[in-house]
Amino acid sequence: NNNNNNNNNNNNKATATLKTLDDLLTDYALQGQYSKQKGLEAIWPIYRQSHPRLPTGLSQAFYTKFLHLPLIDRLSAFPLVLAFSDFDDTNPSSWKKYDNLSFQDLCIKLGVSKRCYREAFEPMVLTGLFAPGKECSAAAALGMAYFFVLRSQNSFDVRWCRGNIGEVIMDPWVELLRVGHGDGVDRAGVDIRGDTKVVGFETMKVEGSDGRRRGEKDKISKVICLNQISGEEFALEADEVVFAVGAAALNGITRNSPQLCEYEEFRRFTNLRGTSVLATRVYLDRKIKIPYSANACFGFDEGIGMTMFDISTLHSNPNHNKSKQADDDDDRQSTTGSIIEVDYYHANPLLVQSDEAIIRKVKNDLDTILGTSSQNANIVDAAIVRLPNAVNWYFPGSHSSMPDVQSTSLSNVYFAGDLVKTNHGSWSQEKAFVTGMEAANLILRRRKDYGIISLGEEELHVEIGRKAVKLFKELLLFGRQLNEDGNGAGALPLLGDFLR
């Protein structure tokens, strides 16, 4: 499943070239949050339908229905507003300031209650950054939460793909690339070799006539490839090279290339790593009641995130085109019952279990969440996909090892993906798409942001909050200087000292 929110402007524009968004995506719907201990913990509304319309931040606090979290604990999260106002995702100095700190430590420093962190923020980080807060950069958590939750009050409203994302969206895109379109070079189409992997590189050193290095950068001259079906190895002449890969893949490519390891920039990439996902889909022998089609869950396994989706609801709409996978799911549903997807994140301890043990776990977790309705049903079929190190891990200190859109050491090398640094301020799929556009613009010698839709203006109170925090920090610094120049009086309060 692939989510779509109010800030995915560039993805939306590109996807709409295939069909209308209403053809491809579900309607907006309420979302649930469950815990192992108490069942339903919170209900996330459709904010664009909430009235009266409140400012972002206040809207989420007022309209989100927390069933068990006391008001006093929710109020303890208020100091995080100062961190959100201080952090600027487009500013490298903000990343440097917050990246070496874990999100859990940030919450502790700012006085967020243990219960608020455990029941509100830890589930958000586990399902948004795929790792627990103590192992996630505070900068990454602030950037992700700002983009998905606080940029505007509609940002958390989510639509889901009507069917398998690969078949509904990616396959038509691939076909569009293969066939080509427009005039000139665009009409030629793209030669996509899905059964081929990169196994090495050849680089061209740039030297002066006297044998000394000039100011120009080296470049990749050839990419060595292996056809995994025939076993044939061949070389592609390289004009430009774009690494559109995740953290673990970039790490592995670098470690296995002596040529790339010659460059300090690439050696930094060996610090990057991924975290694992376990994706499961179960088919039940009867239809069961599932209150919300998309759900975040926590407390089932220490340090492991979990989501649960009602595929029967997300994929069922006779008025819209669906993927072959959705049709297959409908066929199974007509003879069996509900189809449910349960995914686990930061899931290394689960990946090593047998298929039978995983299916038992999924059923036990569903029984805990959904109660008698699930307990009375049986699993008649299941699909399990193990994805070791498949998603980026934004651990504290990782930002300094991430690539820029254009390589600093090889003149014809570029990077694209949500791992790549950019000033755009987006996250996840939108960031991956935007950095791909930025790389293409640089290759075509165009302005880097050519054709890219910006995130737009912040809501007025968010902008005012940023200016207020900036002024507060300037006054704080001035006051500290007066103290130091006068009687040497030292410390200011912890919060002020942290934001300095």
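Visitor: How many salt bridges does the structure hold?

Guide: The structure holds 18 salt bridges, a salt bridge being a side-chain nitrogen of Lys or Arg within 4 Å of a carboxyl oxygen of Asp or Glu. This is a predicted model, in which local features need pLDDT of at least 70 and side-chain atom pairs count only at pLDDT 80 or more, while totals for chains, interfaces and linings use all residues. Residues are numbered from 1 along each chain as its sequence is written, and side-chain values use heavy atoms, with hydrogens and water left out.

Visitor: Which residue does Asp 157 form a salt bridge with?

Guide: Its partner is Arg 48, with the closest N and O atoms 2.9 Å apart. Asp 157 lies in the loop between helix H9 (138-150) and strand S5 (159-160), and Arg 48 in the loop between strand S3 (39-44) and helix H3 (58-63), so the pair ties together parts that are 109 residues apart in sequence. Helices (H or I, at least four residues) and strands (E, at least two) are DSSP runs numbered from the N terminus.

Visitor: Is Asp 157 buried or exposed?

Guide: Asp 157 counts as buried, at 2% relative accessibility, whereas Arg 48 is partly exposed at 25%. Buried means under 20% relative accessible area, exposed over 50%, and partly exposed in between, with a 1.4 Å probe and protein chains only.

Visitor: And where do Arg 268 and Glu 264 lie?

Guide: Both are in helix H12 (residues 264-268), 4 residues apart, about one turn of the helix, and their side chains meet in a salt bridge at 3.2 Å, N to O. In general, an α-helix has 3.6 residues a turn, so residues three or four places apart point the same way.

Visitor: Moving to the rings, how many aromatic pairs are there?

Guide: The count comes to 17 aromatic pairs, where rings of Phe, Tyr and Trp (its six-membered ring) pair if their centres lie within 6.5 Å, and planes under 30 degrees apart count as stacked, over 60 as edge-to-face and the rest as tilted. The rings of Phe 62 and Tyr 63 have centres 5.1 Å apart and planes at 85 degrees, so this pair is edge-to-face. Phe 130 and Tyr 345 form a tilted pair, 5.0 Å centre to centre with 45 degrees between the planes. That pair links distant parts of the chain, with Phe 130 in the loop between helix H8 (114-128) and H9 and Tyr 345 in strand S13 (residues 339-345), 215 residues apart.

Visitor: Which residues form one aromatic cluster?

Guide: Phe 87, Trp 95, Tyr 98, Tyr 394 and Trp 427 do.

Visitor: Now helix H10, where does H10 bend?

Guide: H10 bends by about 30 degrees at Asp 171, and a proline, Pro 172, follows within four residues; the bend is the angle between axes fitted to the seven residues ending there and the seven starting there. The 15 residues of H10 (residues 165-179) should span 21 Å at 1.5 Å a residue, and the end C-alpha atoms are 21 Å apart, which agrees. The expected span is 1.5 Å times one less than the number of residues.

Visitor: Which of its residues are buried?

Guide: In H10, Val 168, Ile 169 and Trp 173 are buried. What covers the buried residues of H10 includes helix H1 (9-15), helix H2 (21-24) and helix H18 (428-443), where contact means heavy atoms within 4.5 Å.
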